[in-house]
Amino acid sequence: MDSPQEPLQQPSPETSPSPTLHPKQLAIPLPLTPHTTLHMQITTLDTSNLVFLTSTDPSSSGSLSALGSFVYAMPNRLQPSDPLCTALYSQTGSIEFANRVAKILARRTEKPTYVGCSVVFGNPTVEEEMAGVRAVVDEVVKMMHGEKNG
């Protein structure tokens with residue numbers, strides 16, 4: 001009755017995801033809040049992107065930041081302008097920012113994108129938060145295009 005089990009096959013190099021040797025890291029000041037620094041860690045795989053975001057400011061130099069939110073977005077084949085997005089872990093202060101960034105990156109790169117986000121704005125205006133989203137997306141896309149070309 002017992003059938004012999006087939007050995008597990010290792011994925012071929014053509015199908016296995018190949019990460020960059022080292023994730024790229026970058027820190028930039030937020031455009032409308034220059035005393036706050038936005039830190040990014042970007043890992044590009046053949047099949048997806050992984051982006052971690054956090055922020056620091058001089059007033060919170062000794063405190064630890066919360067874990068933040070972790071979201072997954074993927075391109076939508078039926079409506080390319082509206083990527084699908086779901087929260088894998090949700091934290092009230094960072095979920096909206098993480099969703100926006102993940103959806104935009106999934107749409108622009110046409111690859112599933114994971115975003116971990118513990119960015120804290122304090123009491124942001126809409127303009128401050130949108131400038132932060134724009135800065136993140138611009139830098140991540142620029143790094144990914146540079147990686148393809150170079």
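**Reading the features**

Guide: Let us begin with a helix. The buried residues of α1 are Ile95, Phe97, Ala98, Asn99, Val101, Ala102, Ile104, Leu105, Ala106 and Thr109. Please bear in mind throughout that the model is predicted.

Visitor: What span should helix α1 have, and how far apart are its end C-alpha atoms?

Guide: Helix α1 covers residues 95-109, which is 15 residues, and at 1.5 Å a residue it should span 21 Å. The C-alpha atoms at its ends are 21 Å apart, so the expectation and the model agree.

Visitor: What follows just after α1?

Guide: Glu110 comes there, with a positive phi of about 60 degrees, although Glu110 is not a glycine. Glu110 sits in the loop between α1 and β6.

Visitor: Is Glu110 buried or exposed?

Guide: A residue counts as exposed when its relative accessible area is over 50%. Glu110 has 65%, and is therefore exposed.

Visitor: How is the chain as a whole arranged?

Guide: Its elements run β-β-β-β-β-α-β-α from the N terminus on, giving two helices and six strands. Of the 150 residues in the chain, 35% count as buried.

Visitor: Which residues form a nonpolar patch on the surface?

Guide: Leu67, Leu88 and Tyr89 form it, and together they have about 340 Å² of accessible area. Leu88 belongs to strand β5, residues 84-89. Leu88 counts as partly exposed because its relative accessibility is 49%.

Visitor: How does one find where empty space is left?

Guide: A probe the size of a water molecule is rolled over the atoms, and this shows where empty space is left. In this structure, the second largest pocket has a volume of about 170 Å³. Its lining consists of 15 residues, and Gln41, Phe52, Leu53, Thr54 and Gly116 lie nearest its centre. The elements giving two or more residues to that lining are β1, β2, β3, β4 and β6.

Visitor: Where is Thr125 found?

Guide: Thr125 is in the loop between β6 and α2, and is partly exposed at a relative accessible area of 36%. Thr125 and Leu32 are 93 residues apart along the chain, with their C-alpha atoms separated by 9.7 Å.

Definitions and conventions. Residues are numbered from 1 along each chain as its sequence is written. This is a predicted model: local features need pLDDT of at least 70, side-chain atom pairs count only at pLDDT 80 or more; totals for chains, interfaces and linings use all residues. Side-chain values use heavy atoms; hydrogens and water are left out. Patches are made of residues with over 30% relative accessible area and no salt bridge: like charges are joined within 9 Å, nonpolar side chains (Val, Leu, Ile, Met, Phe, Trp, Tyr) within 5 Å. Accessible areas come from the Shrake-Rupley method with a 1.4 Å probe; for residues, only the protein chains shown count as cover. A salt bridge is a side-chain nitrogen of Lys or Arg within 4 Å of a carboxyl oxygen of Asp or Glu. Helices (H or I, at least four residues) and strands (E, at least two) are DSSP runs, numbered from the N terminus. Buried means under 20% relative accessible area, exposed over 50%, partly exposed in between (1.4 Å probe, protein chains only). The expected span of a helix is 1.5 Å times one less than its number of residues. On a 1 Å grid over the protein atoms alone, a cavity is a set of points where a 1.4 Å probe fits but cannot get out, and a pocket is an open set with protein on both sides within 12 Å along at least five of seven lines; lining residues have an atom within 4 Å of a point. Grid points are joined across faces, edges and corners, and a volume is the space filled by probe spheres set on the points.
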